[in-house]
Amino acid sequence: MEGGELPGLLVNEIGGIRGILHSHVAFLRKHFYLITMKELVENRKHLSRKVQAIYLWWHKPVIDQELLQSLPNLKVIANSGVGMDHLDLKLIASFGVKMANAPRAVSSSTADAGMALLLASARRLVEVHHIAISSSMDYCEADILGVKISGATLGIIGMGRIGYKIALRAKAFEMKILYHNRTQRKAQEEQAVGATYCETIDSLLQQADFVMLAVNLTPQTRNLIGKRELELMKPTATLVNISRGAVVDQEALVMALQTGVIWAAALDVTYPEPLPRDHPLLKLKNVIITPHLGIKTDKTTYMITEEAVENILAALNGLPMPSEVLPS
Ligand SMILES: O=C(O)[C@H](O)CO
């Protein structure tokens, strides 16, 4: 069955490690004739002309010149997340192909994940879980003392949708909120959560008990937090990263955590992902690492697919796309 006149949608695979979720297939098939990369490779002559859209799941399939050249009717690529750092936007645009991300769907869950990491790190949940399930349950109270959340200062770097949702959550936890935003000051958001704007990242780093990274990865934010920045942080502070691993100089971070320059780190993102099993970050007690958990809830992933479909259909029908991303 070829889906009648439905437009062809290329996906990496269905299920598996880098495939769209089985639970989304029926919904996608209402609108598209689904083609997997394997099917495309096996039947290029027949299928390549059918592909009008690509839905990227966990950055797959890889979009390169060869793939773009092989799909003469491709009109739009939708990404299952907000970060587009894995794509060469200029290359894609040069083929006349539009692009979209999914900012509406991802922000709440990513902010939840950031807050979960902050809380887990502050109260040492992973360490105490291991104590609780160990046979002896012997521990010295002084060894599991954490950081009090209410009254502590959170510094958010990047006050976009996700940064703002983190601020809303932090307000409910009675935290003092500082933020820095590279492009513009966010007066409305500031007022809504009682946040204080820091002109410079340095001043935020010096004051915060928790630093939350919520920026996109761009050439300007790569290695934004290096040795110098870590040394500006309080020795009692925690770094939480929910953006991209490459925003932090990981070697400098390892050193800072090993030598007590900062107290702890909680990372949803690293480079590479996953880290090699012998990576020093995996050996440190003052680090919590989650495997890019941000969007991973049943409802969020479904909403992402809905947002992708909305964008693809708009592009195919010549309508404005709700979350179009233009090359900068
Ligand atoms: O970019 C995002 O929205 C998440 O990191 C998932 O890729």
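Colleague: Please take me to Asp209: where is Asp209 found, and which residues is Asp209 in contact with, leaving aside its neighbours within four places in sequence? I would also be glad to hear about the strands and rings elsewhere in the chain.

Modeller: Happy to! Please keep in mind that this is a predicted model. Asp209 is found in the loop that runs between helix α10 (201-207) and strand β9 (210-213). Its relative accessible area is 16%; since the cut-off for buried is under 20%, Asp209 counts as buried.

Now for its surroundings. The side chain of Asp209 reaches the backbone nitrogen of Thr153 at 2.8 Å. That side chain also makes a polar contact with the side chain of Lys234, at 2.9 Å. Once neighbours within four places in sequence are set aside, the residues in contact with Asp209 are Ala152, Thr153, Lys234, Thr236, Ala237 and Thr238.

Thr238 leads us to the next element, as this residue belongs to strand β10 (residues 238-241). Strands β9 and β10 pair in the parallel sense over four bridges, and Phe210 stands opposite Thr238 in β10. If you follow the side chains of β10, Thr238 and Val240 point one way, while Leu239 and Asn241 point the other way. All four of these residues are buried.

As for annotation, an unreviewed UniProt entry places the feature "domain: D-isomer specific 2-hydroxyacid dehydrogenase NAD-binding" at residues 115-294. In the model, that span is 32% helix and 15% strand, and its end C-alpha atoms lie 10 Å apart.

Next, the strands elsewhere. Five strands form an open sheet with parallel pairing, in the order β2-β1-β3-β4-β5. The edges are taken by β2 (33-36) and β5 (98-100); each has a single partner strand, so one side of each is left without a neighbour in the sheet. From one strand to the next, the twist averages 25 degrees. Within the sheet, β3 (residues 51-56) and β4 (residues 76-79) run parallel and are joined by four bridges; Tyr55 has Ala78 in β4 as its bridge partner. Helix α13 (residues 298-316) lies across β1 (8-11), β3, β4 and β5, and it runs at about 155 degrees to β3.

A search of the whole structure finds three aromatic pairs. In one of them, the ring centres of Phe27 and Tyr302 are 5.6 Å apart and the planes meet at 40 degrees, so the pair is tilted. This pair links distant parts of the chain: Phe27 is in helix α1 (residues 22-31) and Tyr302 is in helix α13, 275 residues apart. Phe27 is buried, with a relative accessible area of 15%, whereas Tyr302, at 29%, counts as partly exposed.

Another pair is formed by Tyr179 and Tyr197, with ring centres 5.2 Å apart and planes at 55 degrees, so this pair is tilted. Here Tyr179 is in strand β7 (residues 176-180) and Tyr197 in strand β8 (residues 196-197), 18 residues apart. Both of these tyrosines are buried.

How values were computed:
Residues are numbered from 1 along each chain as its sequence is written. This is a predicted model: local features need pLDDT of at least 70, side-chain atom pairs count only at pLDDT 80 or more; totals for chains, interfaces and linings use all residues. Side-chain values use heavy atoms; hydrogens and water are left out. Two strands pair if DSSP finds at least two bridges between them. Helices (H or I, at least four residues) and strands (E, at least two) are DSSP runs, numbered from the N terminus. Axes are lines fitted to C-alpha atoms, for helices over the stretch in contact, and angles run from 0 to 180 degrees between N-to-C directions. Contact means heavy atoms within 4.5 Å. Buried means under 20% relative accessible area, exposed over 50%, partly exposed in between (1.4 Å probe, protein chains only). A polar contact is a pair of N or O atoms within 3.5 Å; within protein, one must be able to donate a hydrogen and the other to accept it, and residues adjacent in sequence count only if both atoms are side-chain atoms. UniProt positions are given in the numbering used here, feature names are shortened, and annotations may be inferred rather than shown by experiment. Rings of Phe, Tyr and Trp (its six-membered ring) pair if their centres lie within 6.5 Å; planes under 30 degrees apart count as stacked, over 60 as edge-to-face and the rest as tilted.
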